[in-house]
There are 2 protein chains.
Amino acid sequence: MTTAILFGGASYEHEISIVSAIALKKVMKKRPIFIFLDAKGDFYHIPDEQMKSDHFSSGGYKKNDRLHLARGGFEKRGLLKSKKLEGFDVVLNLIHGGQGEDGTIAALLDFYDIAYIGPRKEASVISYNKWLTKLYAEGIGVETVEYQLLHMDDKREIDFGYPIIVKPLRLGSSIGVSIVKSEEDLDFALDVAFEFDEEVLIEPFIEGVEEYNVAGCRLGEKWIFSRIEAPKKSEFLDFDQKYLDFSRTESVQEADIPDSLESDLKDTFKKVYDKTFDGALIRCDFFFASGEIMLNEINPIPGSMANYLFDDFNGVLERLASHLPKQRTIRPDYAYIDKVQSAKGPKAR
Amino acid sequence: MTTAILFGGASYEHEISIVSAIALKKVMKKRPIFIFLDAKGDFYHIPDEQMKSDHFSSGGYKKNDRLHLARGGFEKRGLLKSKKLEGFDVVLNLIHGGQGEDGTIAALLDFYDIAYIGPRKEASVISYNKWLTKLYAEGIGVETVEYQLLHMDDKREIDFGYPIIVKPLRLGSSIGVSIVKSEEDLDFALDVAFEFDEEVLIEPFIEGVEEYNVAGCRLGEKWIFSRIEAPKKSEFLDFDQKYLDFSRTESVQEADIPDSLESDLKDTFKKVYDKTFDGALIRCDFFFASGEIMLNEINPIPGSMANYLFDDFNGVLERLASHLPKQRTIRPDYAYIDKVQSAKGPKAR
């Protein structure tokens with residue numbers, strides 16, 4: 001199986017997507033094809049040997065072949081005819097944040113009938129908007145940290161005691177996120193967060209909470225789980241620190257936890273993933289406090305695809321690619337149309 | 001302002017979208033441009049005089065000019081160069097159900113920077129999936145009818161007494177919906193609903209409930225509301241009946257209700273619309289029973305845009321078109337990239 005890695009995108013996480021793609025190049029056994037989406041919305045086919053960060057920061061990629069979406073794939077347009085981009089079986093959506101995770105890329109690939117690994121439209125919207133993630137978690141019976149929503153036009157009154165954590169509603173990767181320890185730091189933190197979204201999510205910051213990350217996916221009746229990681233970190237991974245995460249390729253140690261907790265974490269992962277995330281390799285970040293598992297975040301396109309958590313990352317992708325959700329084919333038969341046209345609306349009620 | 005009406009789409013509601021577009025042709029003062037999306041996913045520019053239902057059922061539209069999505073609009077591709085489709089200011093997304101309401105069209109138009117009237121991605125996903133609508137309503141403090149979700153693999157056990165109403169989770173227009181009066185009719189109703197979706201939503205059927213429909217939109221600080229309609233109907237509008245709704249162009253009477261109820265209905269509409277539905281002209285269908293307003297359904301692209309509920313439908317569209325949400329322009333500065341590339345992931349943690 002050959003993968004076309006789609007990366008970049010109009011997103012605050014544009015650069016980390018590039019880093020993530022370069023990291024994947026190192027770990028993927030079968031050489032992928034690289035498709036870069038620049039911030040303007042143009043696709044480029046990047047030759048393997050040019051997959052270096054300065055190729056993008058310098059704008060050098062603009063000399064590469066432009067690609068256009070076409071039914072079933074991408075094409076290079078020539079003066080007289082177009083040529084299909086050959087040589088891949090499945091697209092891997094590696095556009096972190098923004099277009100990659102808000103449903104745009106899912107919709108484009110669905111619309112053009114291109115097979116892809118990544119969250120579908122519903123899964124994207126549910127995980128991208130942190131408030132919808134909370135509502136979804138409640139709907140499936142998974143605990144989360146209590147929260148408050150604040151719009152930029154709202155009065156800046158906080159429902160919780162300090163410290164609190166302030167997050168733009170629709171970003172990943174800790175961009176614009178702050179821990180606020182006292183009221184005098186609140187305005188600055190909110191100003192920062194409102195730079196990225198008109199709404200912010202506010203949660204009490206739970207000191208000393210245990211954190212566990214699990215990645216995985218569903219293959220029909222079967223589940224694949226990664227090792228469970230207990231991220232060792234300072235108080236809080238800011239953007240710079242977490243950013244480095246996207247370049248990770250070295251595997252991590254399994255967390256040293258009781259079997260019962262491991263099994264509970266995996267069961268909670270299953271509830272979250274259910275069928276909504278079919279087709280995606282996701283990482284769930286959980287909190288564990290007072291004997292209770294809480295969902296902190298769903299990463300539907302984790303940094304470097306959380307490759308470092310799997311023993312056989314290539315095998316996982318390969319198996320997932322053969323279990324992608326199918327779209328329904330709908331062909332209208334136009335049976336109703338004449339019937340309707342001959343009737344007048346209000347009279348018929 | 002000239003509108004390009006986008007209709008058709010790969011959806012069970014493909015035909016009613018055609019009917020809806022033909023109805024709008026009658027009520028729009030300034031002649032719109034018509035763009036048809038066929039079920040295969042190809043766009044066509046339909047000349048005004050060919051906007052008749054048999055033009056589509058016969059496949060005659062295939063002789064019209066093909067259109068392709070391009071930055072800022074649609075283009076006709078010629079042998080040597082492409083020509084932009086001129087003559088419209090805003091697209092009106094009139095693709096009912098399927099691609100029009102599940103977020104696909106919103107994502108395409110967002111991606112290609114085309115201004116449009118219609119629900120954005122989040123709004124689409126929230127209103128298209130009836131379970132997410134329930135979770136959303138709960139999140140904003142709006143009542144709905146109690147419900148049960150059933151997957152096609154689940155045991156067919158119902159939590160409520162009969163009669164119940166069975167709905168495919170992700171369709172509009174009453175397609176696949178049944179009222180089930182006793183247990184012996186359950187299997188058939190579920191079989192029908194599962195034809196359209198793997199999941200169904202089951203609600204107790206409330207006899208004699210009052211129904212009120214309100215359409216409207218937000219224009220910055222201002223709101224536009226339609227007349228409130230109390231749909232007179234038989235026990236239940238099935239697809240055939242409701243289908244006729246899409247061809248409506250004659251205005252309806254204002255419901256005869258107390259001012260306090262009118263004001264409560266409008267307040268509930270505001271809560272639902274909030275900012276999530278900015279850019280769309282939606283119709284909310286409410287139930288009223290025991291003094292309580294319940295949200296039954298959000299129609300983010302109502303049949304024939306609920307034109308028959310407005311005194312000045314053309315004026316509403318015009319004003320809405322000048323209040324469309326703006327997308328953020330994100331341009332990466334590549335400040336982090338070299339910093340990250342020079343560091344090794346795991347070491348840096």
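## Helix packing in chain B

In this predicted model, the residues B:Val125, B:Ile126, B:Ser127 and B:Tyr128 of H5(B) are in contact with B:Lys130, B:Leu132, B:Thr133 and B:Tyr136 of H6(B). By class, this contact of H5(B) with H6(B) comprises 5 nonpolar, 2 polar and 1 charged residues.

Two packed helices are described by the angle between their axes and by the distance between those axes. Helix H5 of chain B covers residues 121–128 and helix H6 of chain B covers residues 130–140; the two pack at an angle of about 105°, and their axes are 5 Å apart. Angles of 65 to 115 degrees count as roughly perpendicular, and H5(B) and H6(B) are therefore roughly perpendicular to each other.

## Backbone features in loops

Most residues other than glycine have a negative phi, and most peptide bonds are trans. The following residues depart from these patterns.

The peptide bond from A:Tyr162 to A:Pro163 is cis, with omega near 0°. A:Pro163 is placed in the loop between strand S9 (148–151) and strand S10 (164–168) of chain A. In chain B, the peptide bond from B:Tyr162 to B:Pro163 is cis, again with omega near 0°. B:Pro163 is found in the loop that runs between strand S9 (148–151) and strand S10 (164–168) of chain B.

| Residue | Phi |
|---|---|
| A:Ala306 | near 50° |
| B:Ser290 | near 50° |

A:Ala306 belongs to the loop between strand S16 (292–299) and helix H10 (313–321) of chain A. Is A:Ala306 buried or exposed? Its relative accessibility is 0%, so A:Ala306 counts as buried, the cut-off for that class being under 20%.

B:Ser290 lies in the loop between strand S15 (282–289) and strand S16 (292–299) of chain B. With a relative accessibility of 82%, B:Ser290 counts as exposed, a class that requires a value over 50%.

## Relation between the chains

How can chain A be laid on chain B? A turn of 180° with a shift of 0.0 Å along the axis brings chain A onto chain B with an RMSD of 0.0 Å. This is the relation of a two-fold axis. The same surface serves both copies, as 99% of the contact residues of chain A recur in chain B.

Notes
Residues numbered from 1 in each chain as written. Chains lettered and ligands numbered in written order. Predicted model: local features only at pLDDT ≥ 70, side-chain atom pairs only at ≥ 80, totals over all residues. Heavy atoms only, no water. Axes fitted to C-alpha atoms, helices over the stretch in contact; angles between N-to-C directions. Helix = DSSP H or I, 4+ residues; strand = E, 2+ residues; numbered from the N terminus. Parallel < 35°, antiparallel > 145°, perpendicular 65-115°, else oblique. Contact = heavy atoms within 4.5 Å. Nonpolar A, V, L, I, M, F, W, Y, C, P; charged D, E, K, R; others polar. Buried < 20%, exposed > 50% of the residue type's maximum accessible area, 1.4 Å probe, protein only. Least-squares fit on C-alpha atoms with pLDDT ≥ 70 in both.
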